[in-house]
Amino acid sequence: MCKFCSIKCWFIFFNSLFLASGVALITIGVMQYSTYSQMGTFAGSSLSKIAIVLIAVGVTIALISLLGHVGAFIDNSSMVGCFICFLVVIIIMEILTGAAFYIFRSRTALLQMNSGINTRARLVIYEYRPENRHAINRIQEKFSCCGADTHTDWSSSVGWENHDAVPVSCCTVKSEGCGQDTSKVHTKGCIWAIKLFLLKNLVWVGAVCIALGVTEVLGILVGVCLCLDIKRKNYENLD
């Protein structure tokens with residue numbers, strides 16, 4: 001009985017870590033949703049889908065984890081078995097995704113993605129369409145940047161009429177007419193700022209995924225032991 005309780009406690013512990021990693025992905029996705037949406041307007045629509053993917057993956061992980069918790073609490077070997085199967089499928093998908101990324105991580109592909117962001121951002125600043133202006137200004141304020149490559153991009157923008165100034169969202173401190181004084185505006189471009197933001201988020205997501213992978217393997221091992229113990233306990237009760 002003590003052995004069974006011990007295995008169940010370890011299973012709940014690792015499954016709680018699994019649940020926490022899912023909640024972490026949901027939190028990252030929700031907190032950064034508006035930012036990714038604005039970045040999608042600024043640097044390509046594919047970026048706006050990142051937060052949605054994070055939330056979807058996090059919800060899936062949370063639901064699978066809850067399945068394992070319920071199965072453990074009511075001593076249902078079938079539910080624990082389903083939980084283990086789901087974990088195996090997730091691990092296989094993670095391995096295949098990692099392998100695909102390794103195979104297609106060519107310099108050409110990275111350069112194409114980098115070029116796509118650069119081209120989109122420069123075009124958005126050049127055109128400065130009314131429907132994109134709010135997102136552009138929010139990005140410039142959030143990342144303390146100005147223009148695509150530098151603040152001088154605004155001098156050649158066809159959508160920005162005052163070529164002797166930059167938008168107020170470029171100012172280090174907002175004040176009337178601050179955009180006309182280049183010493184009071186951010187000089188770094190938003191392309192660099194967005195890429196740095198994505199890199200930092202990638203590190204966080206990578207850390208969660210590593211923790212997730214370790215937890216999944218341990219969860220499967222303990223889950224198998226728990227499943228076998230539940231079945232053994234049920235057989236003993238029948239006898």
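Helices (H or I, at least four residues) and strands (E, at least two) are DSSP runs, numbered from the N terminus. By that definition the elements of the protein chain run α-α-α-α-α-α-α from the N terminus on. This is a predicted model, in which local features need pLDDT of at least 70 and side-chain atom pairs count only at pLDDT 80 or more, while totals for chains, interfaces and linings use all residues. Residues are numbered from 1 along each chain as its sequence is written, and side-chain values use heavy atoms, with hydrogens and water left out.

Q: How many helices and strands does the protein chain have?
A: The protein chain has seven helices and zero strands.

Q: What makes the pair Lys8 and Asp75 a salt bridge?
A: A salt bridge is a side-chain nitrogen of Lys or Arg within 4 Å of a carboxyl oxygen of Asp or Glu. The closest N and O atoms of Lys8 and Asp75 are 2.7 Å apart, so the pair qualifies. Lys8 is in helix α1 (residues 2–31) and Asp75 in the loop between α3 (50–73) and α4 (77–103), so the pair links distant parts of the chain, 67 residues apart. By the salt-bridge rule the count comes to five.

Q: Why is Lys8 called buried?
A: Buried means under 20% relative accessible area, exposed over 50%, and partly exposed in between (1.4 Å probe, protein chains only). Lys8 has 15% relative accessibility and therefore counts as buried.

Q: What does the salt bridge between Arg122 and Asp149 tie together?
A: The side chains of Arg122 and Asp149 meet at 2.7 Å, N to O. Arg122 lies in helix α5 (residues 107–127) and Asp149 in the loop between α6 (130–142) and α7 (190–238), so the pair ties together parts that are 27 residues apart in sequence.

Q: Is Arg122 buried, partly exposed or exposed?
A: Arg122 has 39% relative accessibility, so the label is partly exposed. Asp149, with a relative accessible area of 39%, is partly exposed as well.

Q: How do you know that Arg129 and Glu127 form a salt bridge?
A: Their closest N and O atoms are 3.1 Å apart, which means the pair meets the rule. Arg129 is partly exposed at a relative accessible area of 41%, and Glu127 counts as partly exposed at 26%.

Q: Which residues are linked in a network of salt bridges?
A: Arg138, Glu141 and Lys174 are linked in this way.

Q: Why is Ser169 called buried?
A: The relative accessible area of Ser169 is 5%, so the residue is buried. Ser169 has its place in the loop between α6 and α7.

Q: What makes the pair Ser169 and Gln140 a polar contact?
A: A polar contact is a pair of N or O atoms within 3.5 Å; within protein, one must be able to donate a hydrogen and the other to accept it, and residues adjacent in sequence count only if both atoms are side-chain atoms. The side chains of Ser169 and Gln140 make such a contact at 2.7 Å.

Q: Which residues is Ser169 in contact with, leaving aside its neighbours within four places in sequence?
A: With contact meaning heavy atoms within 4.5 Å, they are Asn137, Gln140, Glu141 and Cys145.
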